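Here are my notes for you, point by point. Have the viewer open while you read.

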Amino acid sequence: KRLGNSYRQKMPKGKKGAPPPQPVEEEMNEDEEMELPEGFDREAMKEQLAKYLNPNYAAEVVQKLPVPIRNRVHALQGLQKSYKELRQKYVEEHKALERKYEQLYQPFYEQRLAVINGSREPTDEEVAKGVSEGFQEKEAKKEASGKPGISDFWLTAMKNNYMLADMIQERDEECLQYLTNVTSKNFDDPDQGFTLEFHFSANPFFSNEVLIKTYHLMEEEELVLDRAEGCEISWKQGMNLTVQVKKKKIKAKGKPARVVTKEEPCESFFNFFKPPQLPEDEDEDEEDEEDPIEEHIQVDYEAGQIIRDKIIPRAVLWYTGEASNPDDWDFEDEEDEEGEDEDDDSPEDEPDAGRNKKGGGGRGGGG
């Protein structure tokens, strides 16, 4: 069972998991009746509402059938229960298999980390196994690399995924050069969630050794996101990459101007550790309106899935660019597009705004 790209939809007001609100009967005259779209079937709506509110609706439907058909339907319901029991066994075995292979993958990840951080050099056999078949490498003189391991490995790997590249700003890159490893771990029950850990060496930006992001899942018809939790980053003085310091001169009558500094939020990869949350109470009138927070939650969840399912297990393929899909990238120059828009007043001829490597949240990920 794999994760879907969904998250928990807004529940009716009240506690999570609370029963649906019961309809309130109020007297309403014709002038007060709600305006309905043309062609709206009021009776069909009432029937669907009855199904939703009546737990015995299905049993009552079957009860009305002729006895021979009723018995056949009951037989199918029994078969469905048998399928459900078998499906549950599959789910449990699949979870056990996930836990088993999560442990079996660990030696591979440990060996990879040792090569990346320079604690050991690969053997000739390991090198030969990784050489591309059919590609003749040029003879190279053996020379010292100067620094053990592979510098900027994780930064390069993430920047080769177009969605993560959108999240990484230029000012983040120096800090991400200190990123030494990225790991993931499922909960004891993999269907309940997973944790991502970003390990950093000592750096001038923050004192944390590990930054943690946790995704809690729940099962509705498929696995969906319940909520995400980040962590507090202990930024060093003046090094917070998630804010920009702006200065403003304030003048007052008869007094010399004074300069006020103010911190304002800005785009940064490190906002990933402060995930967006749906407000507890929302105005019912706004529930049907498009909510940018929901889109941000969706993008945040997709980013977590990409890191867990694509970047971590196939990191070297992202480092070399082998896993990157060129179709995911839009190489059009944003400034050129703006110039074209200014020269052409016809909205029909305006080009679609392309997704650039930097900037707003993208979707999905290659490979």
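1. Start with the hairpin: three residues link strand 3 to strand 4. Strand 4 covers residues 223-229, and six bridges pair it with strand 3 in the antiparallel sense. (Strands are DSSP runs of E, at least two residues, and helices are runs of H or I, at least four, both numbered from the N terminus; two strands pair if DSSP finds at least two bridges between them.) To find one of these bridges, look for His 216 and its partner in strand 4, Arg 227.

2. A word on the model before going on. It is predicted, so local features need pLDDT of at least 70 and side-chain atom pairs pLDDT 80 or more, while totals for chains, interfaces and linings use all residues. Numbering runs from 1 along each chain as its sequence is written, and side-chain values use heavy atoms, with hydrogens and water left out.

3. Phe 194 has Tyr 215 of strand 3 as its bridge partner.

4. Now check the loop between strand 2 (193-200) and strand 3 (210-219), where Asn 203 sits. Is Asn 203 buried or exposed? It counts as buried because its relative accessible area is 5%, and the cut-off for buried is under 20% (exposed is over 50%, partly exposed in between; 1.4 Å probe, protein chains only). Its side chain reaches the backbone nitrogen of Phe 205 at 2.8 Å. Beyond neighbours within four places in sequence, Asn 203 is in contact (heavy atoms within 4.5 Å) with Tyr 178 and Lys 236.

5. Last, find Tyr 101 in helix 3, residues 67-104. Tyr 101 counts as partly exposed because its relative accessibility is 36%.

Methods. A polar contact is a pair of N or O atoms within 3.5 Å; within protein, one must be able to donate a hydrogen and the other to accept it, and residues adjacent in sequence count only if both atoms are side-chain atoms.
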